[in-house]
Amino acid sequence: MSVHIEGDAGQVIGPVPRRLFGSFVEHMGRSVYTGLYEPGHSTSDERGFRGDVLELVRELGPTVVRYPGGNFVSGYRWEDGVGPDRPRRLDPSWHSVESNRFGLHEFVAWAEAAGIEVMYAVNLGTRGIQEATDVLEYCNHPGGTELSERRRANGADRPFGFKLWCLGNEMDGPWQIGHKTADEYGRLAAETARVMRMIDPGLELVVAGSSHADMPTFGEWERTVLRHTAGLVDHISLHAYYQELHGDTDSYLASGAALDAYIGTVAGIIDELGLDVGISVDEWNVWDLRRWNEVDQARLAEGGWREHPRIIEDDYTVTDAVVVGSLLSSLLRNVDRVTMANQAQLVNVIAPIRTEPGGPAWRQSTFHPFQRVAALAGGSSLRLSVEGPRLRTAQHGEVDLVDVAATVEDSGRGAVFLTNRATAAPTEVRLRLRGARFGVYAAETLTAPDGESRHAVNTAVSQPVRPVPLPGTAVTSDPGGTTITVTLPPLSW
Ligand code: AHR
């Protein structure tokens with residue numbers, strides 16, 4: 001089978017925002033505790049930051065990290081995580097005990113060590129305007145007030161200067177602590193945004209959109225919330241998780257096309273309202289929700305209230321990595337609307353990086369597409385057309401057999417990301433780019449290693465799933481442009 005992809009070096013969708021390569025750290029399971037923070041671990045520094053994890057995070061290359069939740073934030077009191085007294089509290093959202101040993105200052109120090117911008121979420125579940133403005137004053141006001149002086153007394157003389165703030169989390173979901181109707185949430189978000197802006201007019205605010213495209217309120221939620229917050233927010237969030245259901249691999253492999261459609265619908269609503277608002281895909285990933293529903297929740301209930309229990313530590317396969325690759329391509333194809341994105345999450349909890357307490361840290365299969373795209377995609381995303389066979393899927397209709405995104409920088413460096421959704425056969429791709437003459441520096445692929453199953457995973461002891469060189473790439477240049485031909489292995493990124 002063969003696919004023809006065509007584009008013009010001058011025809012771009014838009015610049016690639018560096019914030020497209022964000023991640024997410026929630027106080028959930030072992031994301032923080034025994035994830036990035038483990039005092040006494042052989043690689044930890046005096047602050048308890050695991051050096052092996054920091055090294056992998058730097059290699060992965062996230063640019064911005066959302067914190068401290070997630071569902072957790074909707075019941076969180078940020079004051080518990082600052083100063084010398086750290087109360088132990090129940091975290092109802094994840095049926096856990098939160099020790100609060102790790103809090104705001106620790107996270108800021110960790111993010112600084114990792115070289116990542118912080119995106120801070122406020123609690124609009126159990127709390128409201130006062131808490132949001134308090135934490136903002138604590139973080140961003142230089143000094144001379146009770147809250148800013150408290151920060152200084154707690155060791156941070158200079159303000160944290162967070163620019164990006166999320167107004168709550170998934171408030172459309174009945175599972176959310178303090179779940180609200182769109183009108184209730186829209187009003188609260190608007191009034192919170194108004195006061196936050198009075199304190200710091202330079203903020204970028206993200207209002208909560210839908211938790212997923214199948215929410216019964218999807219669409220109306222966005223319309224209502226955006227009407228309330230018009231002129232007060234800069235971005236609306238979109239959350240999207242994909243999984244393979246009932247062995248329907250084709251639909252799973254089409255997740256990137258589903259994300260394109262989801263983004264398109266939200267963009268259409270923004271346009272319908274005439275607003276200048278970006279889309280913040282601030283939770284996206286692949287996640288086997290059956291495991292959460294059928295295994296983890298029962299374990300949590302049986303185990304009682306514990307600190308950092310193991311939850312949703314999904315072992316990612318080759319297929320999962322291929323889907324993550326195509327989701328990243330979807331983000332690149334939508335840079336004219338998507339202003340930032342955060343893969344959820346960073347460590348242990350549905351994460352590219354896994355750890356064992358007292359043991360090693362390792363790269364999951366999904367680490368690789370994220371790492372490669374964050375490192376290689378830059379400059380502008382190219383507008384491309386795809387001609388060739390289509391894949392008929394039960395969940396997402398007909399999609400291109402080969403999914404593509406490509407970027408090109410002023411320096412002349414470029415990158416092409418291809419996903420072969422054909423599970424049984426290789427696909428030949430001919431890519432014609434007009435208006436540019438170039439060579440191929442490197443070509444690699446992530447696919448089932450040596451014909452092993454697509455279910456292969458990386459573990460603490462062995463990590464067979466990683467990109468390998470892709471031989472046989474042919475390049476020809478002529479005055480009109482360049483043509484590359486390459487054969488993609490079945491089910492590959
Ligand atoms: O990332 C895990 C959870 O998924 C988050 O806490 C929540 O916002 C979403 O439902």
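Predicted model: local features only at pLDDT ≥ 70, side-chain atom pairs only at ≥ 80, totals over all residues.
Q: OK, what is the strand order in the open sheet of 7 strands?
A: The order is E19-E18-E15-E1-E20-E24-E23, and the pairing is mixed.

Q: Which are the edge strands?
A: E19 and E23, the latter spanning 474-478; each of these pairs on one side only.

Q: How much are neighbouring strands of this sheet turned against each other?
A: On average by 20 degrees, with direction ignored.

Q: Which residues sit on which side of E19?
A: One side has Gly414, Val416, Leu418 and Asn420, and the other has Ala415, Phe417 and Thr419. Both faces are covered, with all of these residues buried.

Q: And E18 with E19, parallel or antiparallel?
A: Antiparallel, over 7 bridges, with E18 covering residues 402-408.

Q: Change of topic: where does Met119 lie?
A: Met119 is in strand E6, residues 117-122.

Q: Buried or exposed, and why?
A: Met119 is buried, because 25 other C-beta atoms lie within 10 Å and the cut-off for buried is 20 or more.

Q: Which residues does Met119 touch?
A: Leaving out residues up to four places away in sequence, Met119 touches Gly22, Val64, Val65, Arg66, Leu164 and Cys166.

Q: How far is Met119 from Val416?
A: Their C-alpha atoms are separated by 29 Å, and the two residues are 297 residues apart along the chain.

Q: On to helices. At what angle do H8 and H10 cross?
A: At roughly 30 degrees, with the axes coming within 8 Å; H8 is residues 255-272 and H10 is residues 318-333.

Q: Parallel, antiparallel or oblique?
A: Roughly parallel, because the angle is under 35 degrees, the cut-off for that label. The crossing of H8 and H10 is right-handed.

Q: Which residues make that contact?
A: From H8 they are Ser255, Gly256, Leu259 and Asp260. From H10 they are Val323, Ser326, Leu327, Ser329, Ser330 and Arg333. By class, the contact of H8 with H10 has 3 nonpolar, 5 polar and 2 charged residues.

Q: What about H5 and H6, how do their axes sit?
A: The axes of H5 (residues 182-199) and H6 (residues 220-229) come within 8 Å and cross at roughly 30 degrees. That crossing is right-handed.

Q: Which residues of H5 and H6 are in contact?
A: H5 contributes Ala182, Asp183, Tyr185, Gly186, Arg187, Ala189, Ala190 and Ala193. H6 contributes Glu220, Trp221, Thr224, Val225, Arg227, His228 and Thr229. The class counts for this contact of H5 with H6 are 7 nonpolar, 4 polar and 4 charged.

Q: Now the backbone. What kind of peptide bond joins Ala344 and Gln345?
A: A cis one, with omega about 0 degrees. Gln345 is in the loop between strand E12 (338-344) and strand E13 (353-355).

Q: And from Gly69 to Gly70?
A: That peptide bond is cis too, with omega near 15 degrees. Gly70 belongs to the loop between strand E3 (64-67) and strand E4 (89-91).

Q: What is the phi of Ile350?
A: Near 35 degrees, a positive value in a residue other than glycine. Ile350 is in the loop between E12 and E13.

Q: Is Ile350 buried or exposed?
A: Buried, because Ile350 has 29 C-beta neighbours inside 10 Å.

Q: Last one: what is the phi of His308, and where is the residue?
A: His308 has a positive phi of about 25 degrees although it is not a glycine. His308 is located in the loop between strand E11 (306-307) and H10. His308 is buried, with 22 other C-beta atoms within 10 Å.

Key
Residues numbered from 1 in each chain as written. Axes fitted to C-alpha atoms, helices over the stretch in contact; angles between N-to-C directions. Helix = DSSP H or I, 4+ residues; strand = E, 2+ residues; numbered from the N terminus. Parallel < 35°, antiparallel > 145°, perpendicular 65-115°, else oblique. Left-handed = near helix turned anticlockwise from the far one by under 90°. Contact = placed C-beta atoms within 7 Å. Nonpolar A, V, L, I, M, F, W, Y, C, P; charged D, E, K, R; others polar. Buried ≥ 20, exposed ≤ 12 C-beta atoms within 10 Å, placed from the backbone. Pairing = 2+ DSSP bridges.
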